[in-house]
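Please read it alongside the sequence and the structure.

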Amino acid sequence: MTVPMYRLEIRQGPTPNQVFELDKSVMVVGREITNEIVINDSEVSRRHARLVLDAGRYVLEDLGSTNGTFVNGQRLMGPHALVIGEVVNFGENVFLSFESAQYDPDATVVGGQDLFPPAPAAHPAVPPAQVYAPPAQQQYVPQNPPSPAYAPQPVQAPQPSYTGQVPAGPETPYPVAQPPKKRGTGTWLAAGCGCLVLVGIVLAIVLVIIDYLNLWCSIFGSLIPGC
């Protein structure tokens with residue numbers, strides 16, 4: 001069995017820190033269990049990419065995946081010979097680092113390490129002695145309190161000059177309501193005459209209409225001879 005020279009380690013994905021030893025000349029990466037490197041993630045295609053050993057170096061090639069293969073944030077448009085320290089990601093969720101399987105202090109690290117910046121350090125705790133505390137409020141005490149002999153006296157409101165007297169009412173008396181006047185006999189007589197005149201006018205108009213239309217025989221035929 002060939003001793004692996006390189007490996008891929010998952011930095012972000014479904015199984016962080018999982019290591020894949022690269023010990024074959026051709027290794028396929030994908031979601032299917034028949035692949036040499038199986039990564040079960042929705043962003044990874046069934047046959048996503050391929051690693052081919054060429055002259056002691058692994059060449060990475062995308063196999064027409066849906067979400068693409070990237071190296072150090074750049075999408076692969078063709079084969080790419082991997083260098084130790086580069087970061088490979090499949091889609092947007094899975095990130096792996098290409099590393100040496102054997103420790104080499106002289107190995108050159110190329111890019112990629114900044115793609116996973118360390119978590120920011122927590123702010124140092126403030127010592128209890130430096131915690132700000134607002135100064136206690138002191139009650140104000142006047143330096144020269146006023147003497148009781150000079151205490152202000154309450155001011156009394158001036159009394160009106162007519163206190164205890166009932167003010168006089170208005171000199172002009174209020175008008176007294178007068179009872180309604182009764183209508184005299186002359187008023188009723190004038191009203192009766194007016195009604196008679198009105199009835200006479202209406203009767204005269206009716207007679208004129210009957211005579212104009214020659215309705216005497218039609219209305220009074222039984223009373224007028226010769227009709």
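Strand β3 (residues 26–30) pairs with β4 in the parallel sense over two bridges, where strands are DSSP runs of E of at least two residues and helices are runs of H or I of at least four residues, both numbered from the N terminus, and where two strands count as paired if DSSP finds at least two bridges between them. Within this pairing, Val 29 stands opposite Ile 37 in β4. Both strands belong to an open sheet of five strands with mixed pairing, whose order is β4-β3-β5-β6-β9. Because β4 (37–38) and β9 (80–81) stand at the edges of this sheet with a single partner strand each, one side of each is left without a neighbour in the sheet.

The model is predicted, so that local features need pLDDT of at least 70 and side-chain atom pairs count only at pLDDT 80 or more, while totals for chains, interfaces and linings use all residues. Residues are numbered from 1 along each chain as its sequence is written, and side-chain values use heavy atoms, with hydrogens and water left out.

**Strands β1 and β2**

An antiparallel pairing over four bridges joins β1 and β2, and in it Arg 7 has Glu 21 of β2 as its bridge partner. Six residues lie between the strands of this hairpin, in which Gly 13 takes a positive phi near 160°. In a regular strand the side chains alternate between the two faces of the sheet.

Strand β7 (residues 69–71) pairs with β10 in the antiparallel sense over three bridges, and Val 71 has Val 88 in β10 as its bridge partner. Strand β10 also runs antiparallel to β11, to which four bridges join it, and there Asn 89 stands opposite Phe 95. The hairpin of β10 and β11 has three residues between the strands, and Gly 91 in this hairpin takes a positive phi near 75°.

Ser 97 is placed in strand β11 and is buried, with a relative accessible area of 5%. Its side chain makes a polar contact with the side chain of Arg 11 at 3.4 Å; a polar contact is a pair of N or O atoms within 3.5 Å, of which, within protein, one must be able to donate a hydrogen and the other to accept it, and residues adjacent in sequence count only if both atoms are side-chain atoms. When its neighbours within four places in sequence are left aside, Ser 97 is in contact (heavy atoms within 4.5 Å) with Arg 7, Leu 8, Glu 9, Arg 11 and Glu 86.

**Aromatic pairs**

Rings of Phe, Tyr and Trp (its six-membered ring) pair if their centres lie within 6.5 Å, and planes under 30 degrees apart count as stacked, over 60 as edge-to-face and the rest as tilted.

| Pair | Centre to centre | Angle between planes | Class |
|---|---|---|---|
| Tyr 6 and Tyr 58 | 6.1 Å | 90° | edge-to-face |
| Tyr 6 and Phe 98 | 5.1 Å | 20° | stacked |

Tyr 6 lies in strand β1 (residues 6–12) and Tyr 58 in strand β6 (residues 57–62), so their pair ties together parts that are 52 residues apart in sequence. Because Phe 98 lies in strand β11 (residues 94–100), the pair of Tyr 6 with Phe 98 ties together parts that are 92 residues apart in sequence. The ring pairs link Tyr 6, Tyr 58 and Phe 98 into a cluster. Tyr 6 is buried, with a relative accessible area of 14%, Tyr 58 is buried at 3%, and Phe 98 is buried as well.

**The chain overall**

The secondary structure comes to two helices and eleven strands, which follow the pattern β-β-β-β-β-β-β-β-β-β-β-α-α along the sequence. Buried residues make up 20% of the 227 residues in the chain. Among contacts between residues at least 6 apart in sequence, 40% join residues at least 24 apart. The chain exposes about 18,200 Å², of which carbon and sulfur atoms supply 60%, with accessible areas taken from the Shrake-Rupley method with a 1.4 Å probe and, for residues, only the protein chains shown counting as cover.

Conventions. Buried means under 20% relative accessible area, exposed over 50%, partly exposed in between (1.4 Å probe, protein chains only).
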